[in-house]
Amino acid sequence: MPRQLSTSVAITVVAVLIGAALAFAGAQNGWLLGPLPGFVLAVGIAYAVQWIVFIPAAITRTDRYFDLTASLTYISGTVALLLIAPELDLRSIIIGALVIIWAGRLGTFLFTRNIRSGGDDRFDDIKSSPARFLSVWTLQGLWISLTAAAAWITITSDHTSPMNWISWVGVAVWATGFGIEVIADQQKTKFKADPSNAGKFIRTGLWSVVRHPNYLGEMMLWTGVLIVALPALQGWQWVAILSPIFVVLLITKVTGIPMLDEKAKRKWGDDPEYIAYRKRTPALIPGLRG
């Protein structure tokens with residue numbers, strides 16, 4: 001078996017095994033739909049949707065629906081849980097709404113951007129290999145399950161508690177992060193739409209405060225979701241804390257900032273204005289250089 005193929009198969013298998021372990025842990029102290037725990041059902045939906053959409057995507061070698069599929073998976077999984085839950089408390093309804101609002105907004109934004117740009121260059125070398133492409137879609141199933149874990153575990157938990165001031169702090173943190181992400185995306189979209197900015201990098205608005213304000217907002221909003229979820233967690237359900245941790249690691253160490261910074265350096269690395277911008281502007285946290 002060629003090395004690239006064996007690596008792709010290994011990634012797919014590991015992603016499935018991690019998802020299964022997450023599903024088992026998060027399903028503890030949760031309600032059942034027949035013999036099936038609610039959280040296991042949600043994780044199963046996350047993977048199944050990716051694999052179903054992968055088939056036509058691989059045949060046509062397109063990544064156009066990759067981000068949109070992720071958003072629709074968050075929405076469909078959350079809505080399904082809310083509809084089939086034996087009973088719903090205010091916490092479950094609120095946390096479900098937070099996920100649906102975020103996914104609907106971001107999915108629409110990313111899909112529109114993909115159409116406008118003609119595709120995502122991250123997939124240029126992957127789409128031609130079905131095994132590599134499948135591994136990416138499977139990883140997306142894991143990504144969705146991990147990031148949504150706090151919300152989905154809360155909705156499927158058999159332990160309920162009234163919303164308290166800590167819960168509302170979580171909502172406020174989510175709202176602040178959501179607002180930052182939306183404003184940052186709008187500012188960059190407007191910047192790129194101006195022909196006079198062709199070939200330039202954005203350094204105005206929120207982008208003058210940190211180099212990746214949209215990612216800052218993403219980290220904040222998932223942290224807010226976890227804060228809302230905390231009173232509903234018991235035993236192994238505390239695996240939900242992986243949600244914001246995973247988002248932070250993904251953004252800071254894997255596919256977020258490292259990839260974008262490397263791409264920016266290739267494009268503007270010799271530009272004195274960009275060099276100065278990098279030196280004076282933190283990557284993610286205001287006031288923190290690096």
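How close do the axes of helix α9 and helix α10 come, and at what angle do they cross? The axes of helix α9 (residues 242–254) and helix α10 (residues 257–268) come within 4 Å and cross at roughly 25°. That makes α9 roughly parallel to α10, a label given to angles under 35 degrees, with over 145 counted as roughly antiparallel, 65 to 115 as roughly perpendicular and the rest as oblique.

The model is predicted: local features need pLDDT of at least 70 and side-chain atom pairs count only at pLDDT 80 or more, whereas totals for chains, interfaces and linings use all residues. Residues are numbered from 1 along each chain as its sequence is written, and side-chain values use heavy atoms, with hydrogens and water left out.

## Helix pairs

Helices (H or I, at least four residues) and strands (E, at least two) are DSSP runs numbered from the N terminus. Axes are lines fitted to C-alpha atoms, for helices over the stretch in contact, and angles run from 0 to 180 degrees between N-to-C directions. Contact means heavy atoms within 4.5 Å.

A second pair is formed by helix α4 (residues 90–117) and α7, whose axes come within 12 Å and cross at roughly 10°. These helices, α4 and α7, are therefore roughly parallel to each other. The residues of α4 that take part include Leu90, Ile94, Leu98, Trp102 and Phe109, and those of α7 include Trp168, Val171, Trp174, Phe178 and Asp185. The contact of α4 with α7 has twelve nonpolar, two polar and five charged residues.

## Aromatic pairs

The structure holds 15 aromatic pairs. Rings of Phe, Tyr and Trp (its six-membered ring) pair if their centres lie within 6.5 Å; planes under 30 degrees apart count as stacked, over 60 as edge-to-face and the rest as tilted. Two of these pairs are set out below.

| Pair | Ring centres | Ring planes | Class |
|---|---|---|---|
| Phe133 and Trp137 | 6.0 Å apart | at 80° | edge-to-face |
| Trp174 and Phe178 | 4.8 Å apart | at 10° | stacked |

Phe133 and Trp137 both lie in helix α5 (residues 130–147), four residues apart, or about one turn of the helix. Both Phe133 and Trp137 are buried, where buried means under 20% relative accessible area, exposed over 50% and partly exposed in between (1.4 Å probe, protein chains only). Together with Phe54 and Phe66, Phe133 and Trp137 form one aromatic cluster.

Trp174 and Phe178 are four residues apart in helix α7 and are thus separated by about one helical turn. Trp174 is buried, with a relative accessible area of 7%, and Phe178 also counts as buried, at 16% relative accessibility.

## Two serines

Which backbone oxygen does the side chain of Ser145 reach? The side chain of Ser145 reaches the backbone oxygen of Gly141 at 2.8 Å. A polar contact is a pair of N or O atoms within 3.5 Å; within protein, one must be able to donate a hydrogen and the other to accept it, and residues adjacent in sequence count only if both atoms are side-chain atoms. Ser145 lies in helix α5 and is buried, with a relative accessible area of 0%. Not counting residues up to four places away in sequence, Ser145 touches Leu22, Val43, Ala46, Tyr47 and Trp152.

Ser208 lies in the loop between α7 (165–193) and α8 (213–229). Ser208 is partly exposed, with a relative accessible area of 40%. The side chain of Ser208 reaches the backbone oxygen of Gly205 at 2.6 Å. Beyond residues up to four places away in sequence, Ser208 touches Arg203 and Thr281.

## Positive phi values

Asn29, a residue other than glycine, has a positive phi near 60°. Asn29 lies in the loop between α1 (3–26) and β1 (32–33) and counts as partly exposed, at 36% relative accessibility.

Arg61 has a positive phi of about 55° although Arg61 is not a glycine. Arg61 is found in the loop between α2 (38–60) and α3 (66–84), and is exposed, with a relative accessible area of 52%.

Key: Nonpolar A, V, L, I, M, F, W, Y, C, P; charged D, E, K, R; others polar.
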